[in-house]
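I opened this model to look up a few points. My entries are below, in the order I worked.

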Amino acid sequence: MLRAATLADLPAVQRLYGVLHPDEPPVAPAEARRILQRILDTPGTDVLVLEDDGAVVATACLVVVPNLSRGGRPWAVVENVAVDATVQRRGHGRRLVGDVLQRAWDAGCYKVMLQTAATGEDVHTFYRACGLTSRTKTAFMAYAPGLSVVGAAS
């Protein structure tokens, strides 16, 4: 079952972020709680969790952005897609991404964007199988000065 995360899900979400970014230290508990509460309080922004037998096994963040073009239809971005390493390749990721996309379509979005720093063809094949394409847009990123981002070009 896909659902919006609550503050009680914070330890599970942080554990999954450890899978996503194993070289980064987790945000301190008090600060993480404050940040998650801010996310929960922000309209159009959801940290979502996928449960399997009552355990949180995957997460993603969906941000739906109001828009003045495209007939006023919003667009969305998906970030921080993470699946517990112990259950990968069992369909949880495909279900997570499919459910997140459906939430965006239900919100009236005309497009959903997702970027990955993963360079492995298996990850790209996975996202293509979920209905995403890398052939229609070129992504550019700017990172905060002095920020060290693994996999980011200087």
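Ground rules first. The model is predicted, so I note that local features need pLDDT of at least 70 and side-chain atom pairs pLDDT 80 or more, while totals for chains, interfaces and linings use all residues. Residues are numbered from 1 along each chain as its sequence is written, and side-chain values use heavy atoms, leaving out hydrogens and water.

Glu-51. I found it in strand S2, residues 45-52. Strands here are DSSP runs of E, at least two residues; helices are runs of H or I, at least four; both are numbered from the N terminus. Is Glu-51 buried or exposed? Glu-51 counts as buried because its relative accessibility is 17%. The cut-offs are under 20% for buried, over 50% for exposed and partly exposed in between, with a 1.4 Å probe and protein chains only. I also listed its contacts (heavy atoms within 4.5 Å). Leaving out residues up to four places away in sequence, Glu-51 touches Met-1, Arg-3, Val-56 and Arg-95.

Helix H1, residues 10-20. Its buried residues are Leu-10, Ala-12, Val-13 and Leu-16. They lie on the same side of H1 because their arc around the axis is only 160°, taken from the directions from the helix axis to the C-beta atoms. I see them pack against helix H2 (29-41), S2, strand S3 (55-65) and strand S4 (75-83).

Strands. Pairing needs at least two DSSP bridges between two strands. S2 and S3 run antiparallel, joined by eight bridges. Val-47 stands opposite Cys-61 in S3. S3 and S4 also pair antiparallel, over seven bridges. Thr-59 stands opposite Ala-82 in S4. In S3, eight of 11 residues are buried.
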